[in-house]
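Reader: I've got a protein model to look at and I'm new to this. Can we go through it together, one question at a time?

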Amino acid sequence: MKNAIVVSKNLSNIKALLALLADEGFEDVVTAQTSEEATEYISANQIELIVINTPLQNETGLELAIHCACTTTASIMVIVQENKSDEVVQMMTSNGILIISKPINKHLFHHYLLFSECFKKRMKSVVSENNKLKNQVETIKLVNRAKLVLMQNLRMSESQAHHYIEKQAMNLRKSKHEIALRVLKTYEN
């Protein structure tokens, strides 16, 4: 189920945006009228799409968009007055935020959503790859610590310690990460 949050101070704009999102298959859409309400909801929930209709009450809404870009993986669309869009585009696009100028064209809105979906899929792929690399780096650090412990406690050379961890992993059908943890648990206590 697609979910989103619409942030706007204007109730009639909220209704119009809810209708557009419903046409696009968004079934779970929450609304907020202030940046504070939106921030509270977004920090507690996993959101796919954040739509901010600027300006918000007592602020532009651009700060909220940048904050969300830095703290979530949600697609973010900021709707601005047509005469302000050129000013805002540079700042927002550098943060990965889509800008739509008012009045909203339904056909263009549909294409923005398609683009945002493509961007989100690519973002998930990058985040997944990043997490995979972080895990590999963590494993390398852990194995190096375990090799050092083996070298200090069992007087092995580095190649012997490396071979020992690899052989244990193969024989016990465990990952090098798990074997390194066992070595550290055994000798660091």
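Reader: Is K147 buried or exposed?
Author: Let's start with the cut-offs: buried means under 20% relative accessible area, exposed means over 50%, and partly exposed is in between (1.4 Å probe, protein chains only). K147 has a relative accessible area of 8%. Because that value falls under the cut-off, K147 is buried.

Reader: Can I trust these numbers, and how do I find a residue?
Author: This is a predicted model, where local features need pLDDT of at least 70, side-chain atom pairs count only at pLDDT 80 or more, and totals for chains, interfaces and linings use all residues. Residues are numbered from 1 along each chain as its sequence is written, and side-chain values use heavy atoms, with hydrogens and water left out.

Reader: Where does K147 lie, and which residues does K147 touch?
Author: K147 sits in helix α5; helices here are DSSP runs of H or I with at least four residues, strands are runs of E with at least two, and both are numbered from the N terminus. Contact means heavy atoms within 4.5 Å. Not counting residues up to four places away in sequence, K147 touches E158, A161, H162 and I165.

Reader: How does Y112 count: buried, partly exposed or exposed?
Author: Y112 lies in helix α5, which covers residues 106-154. Its relative accessibility is 22%. So Y112 counts as partly exposed.

Reader: Which backbone oxygen does the side chain of Y112 reach?
Author: Leaving aside neighbours within four places in sequence, Y112 is in contact with M77, L98, I99 and I100. At 3.2 Å, the side chain of Y112 reaches a backbone oxygen, and that oxygen belongs to I99.

Reader: Why do the buried residues of α7 end up on the same side?
Author: The buried residues of α7 are I179, A180, V183 and L184. The arc is taken from the directions from the helix axis to the C-beta atoms. These residues are on the same side of α7 because they cover an arc of only 135 degrees.

Reader: Which face-forming residues of α2 are buried?
Author: Seen down the axis of α2, its buried residues fall within an arc of 65 degrees, so they line one face of the helix. What covers them includes β1 (2-7), β2 (26-32), β3 (49-53) and α3. On the other side of α2, E36, E40, S43 and A44 are exposed. The buried ones are S35, A38 and I42.

Reader: Which residues is S35 in contact with?
Author: S35 lies in helix α2, and S35 counts as buried at 9% relative accessibility. Leaving aside neighbours within four places in sequence, S35 is in contact with L56, E59 and L64.

Reader: Which helix gives the largest share of the lining of the largest pocket?
Author: The lining of the largest pocket includes T39, I42, S43 and H67. Both α2 (35-44) and α3 (62-71) supply at least two residues of that lining. The largest share, three residues, comes from α2.

Technical notes: Polar contact = N/O pair within 3.5 Å; in protein donor to acceptor, adjacent residues only side chain to side chain. 1 Å grid on protein atoms, 1.4 Å probe; cavity = no way out; pocket = protein on both sides within 12 Å on 5 of 7 lines; lining within 4 Å.
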